[in-house]
Amino acid sequence: MLKNQILLALVLYTSLFHSLPISRSQNHPIFSFNQQKNHEGSSNLIDLKYHMGPVLTSPINIYIIWYGKWDPNHQSTIRDFISSISSPAPSPSVAEWWSTVTLYTDQTGSNVTKNVALSGQFSDHAYSHGKSLTRLSMQSIIKNAVTSKNGTLPLNYRNGLYLVLTSPDVQVQDFCRAVCGFHYFTYASVAGATVPYAWIGNSGAQCPGMCAYPFAWPGGGLPPPAGSGVMGPPNGDPGTDGMISVIAHELAEVSTNPLINAWYAGDDPLAPNEIGDFCLGVYGSGAGGGYTGNVGKDSKGNGFNFNGVKGRKYLVQWVWDPVRGRCFGPNALD
């Protein structure tokens with residue numbers, strides 16, 4: 001789960017402005033933490049284990065719930081990213097990135113599927129559960145989407161995966177303070193069946209410096225200093241482009257740990273370190289210390305590392321490769 005994105009942003013901020021306090025007046029909680037190590041190189045410190053639970057081996061049908069009011073252009077950016085997971089594009093591509101996720105297997109030796117499709121969408125533009133949500137609200141939002149009379153989604157407990165995406169004006173418990181997104185599974189007593197899901201918020205109006213870095217600076221309104229690493233978003237919107245990497249992060253983790261009993265490190269399954277957590281802030285070779293790594297620039301100078309369908313470009317964090325024993329992406333220089 002992408003709980004450490006906030007810590008990464010704070011590390012970036014304090015490493016370049018070490019004399020400036022991070023105060024509650026800037027809407028930043030005061031954390032006591034050790035700087036996260038991003039393992040771009042091979043490491044024997046990762047204790048990633050398989051805990052005998054299922055992974056998503058059947059073709060994945062993704063159902064998006066657009067919660068709140070959404071810009072159609074931003075929706076297109078996200079839809080095209082989902083379509084890019086299983087569609088060919090010039091290398092380095094989103095599909096090649098997903099091939100690392102498919103290296104993970106279940107106890108029968110079956111791999112995470114290569115087939116991911118956008119199979120349905122539901123617009124909750126009336127904010128059915130308000131504009132201030134708890135974590136548990138996500139399950140009720142899914143229930144509403146599968147029972148509503150207005151364009152109901154199927155309750156696909158065989159191979160469905162639900163994405164609840166909240167618009168910039170929606171506040172979510174712990175959003176911008178501890179998480180940028182999370183994944184879990186629904187309770188049958190709430191949604192009618194147990195299905196994996198993920199929530200990701202659009203941070204554009206609330207905390208782009210926290211959840212959309214490197215497209216925004218976590219400096220509490222201060223301009224980014226020289227060498228900050230801030231770059232332009234390849235699809236024109238920091239909040240949406242920032243969401244893409246969080247969506248990718250959560251999709252990789254929910255596919256390899258859908259019921260919180262498969263691939264993770266640590267002793268607590270409720271606070272696991274998963275395959276995306278080890279590689280926060282790593283987008284290319286040489287990443288570390290706030291540097292995204294070696295990534296490309298488009299004709300306008302905007303940063304990206306992977307190509308998608310329809311000529312799209314995206315900046316997506318790497319994930320842990322269980323064969324190489326390190327963070328890896330198809331744009332790696334080695």
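**Figure 1. Side-chain contact between W66 and Q121.** The side chains of W66 and Q121 form a polar contact at 2.9 Å. A polar contact is a pair of N or O atoms within 3.5 Å; within protein, one must be able to donate a hydrogen and the other to accept it, and residues adjacent in sequence count only if both atoms are side-chain atoms. The model is predicted: local features need pLDDT of at least 70, side-chain atom pairs count only at pLDDT 80 or more, and totals for chains, interfaces and linings use all residues. Residues are numbered from 1 along each chain as its sequence is written, and side-chain values use heavy atoms, with hydrogens and water left out.

Figure 2. W66 sits in β2. Strands (E, at least two residues) and helices (H or I, at least four) are DSSP runs, numbered from the N terminus. W66 has a relative accessible area of 2% and is therefore buried. Buried means under 20% relative accessible area, exposed over 50%, partly exposed in between (1.4 Å probe, protein chains only). Not counting residues up to four places away in sequence, W66 touches Q75, I78, R79, Q121, F122, S123, D124, H125 and L165. Contact means heavy atoms within 4.5 Å.

**Figure 3. Strand β5 and its two partners.** Seven of the seven residues of β5 are buried. G160, Y162, V164 and T166 point one way; L161, L163 and L165 point the other. In a regular strand the side chains alternate between the two faces of the sheet. β2 and β5 run parallel, joined by seven bridges. Two strands pair if DSSP finds at least two bridges between them. L165 is the bridge partner of W66. β5 and β8 also run parallel, with five bridges. There, L165 is partnered by I200 of β8.

**Figure 4. Helix α2, its cap and its buried residues.** D71 caps its N-terminal end, with a side-chain oxygen 2.7 Å from the backbone nitrogen of N73. Q75, T77, I78, D80, F81, I82 and S84 are buried. The buried residues of α2 pack against several elements, among them α3 (94-101), α7 (238-256) and β13 (313-314).

Figure 5. β7 and β8 (residues 196-201) run antiparallel, joined by five bridges. Y184 stands opposite Y197 of β8. T186 lies in the loop between β7 and α5 (188-191). T186 counts as buried because its relative accessibility is 0%. Its side chain reaches the backbone oxygen of A193 at 2.6 Å. Leaving aside neighbours within four places in sequence, the contacts of T186 include Q139, I142, V195 and Y197.
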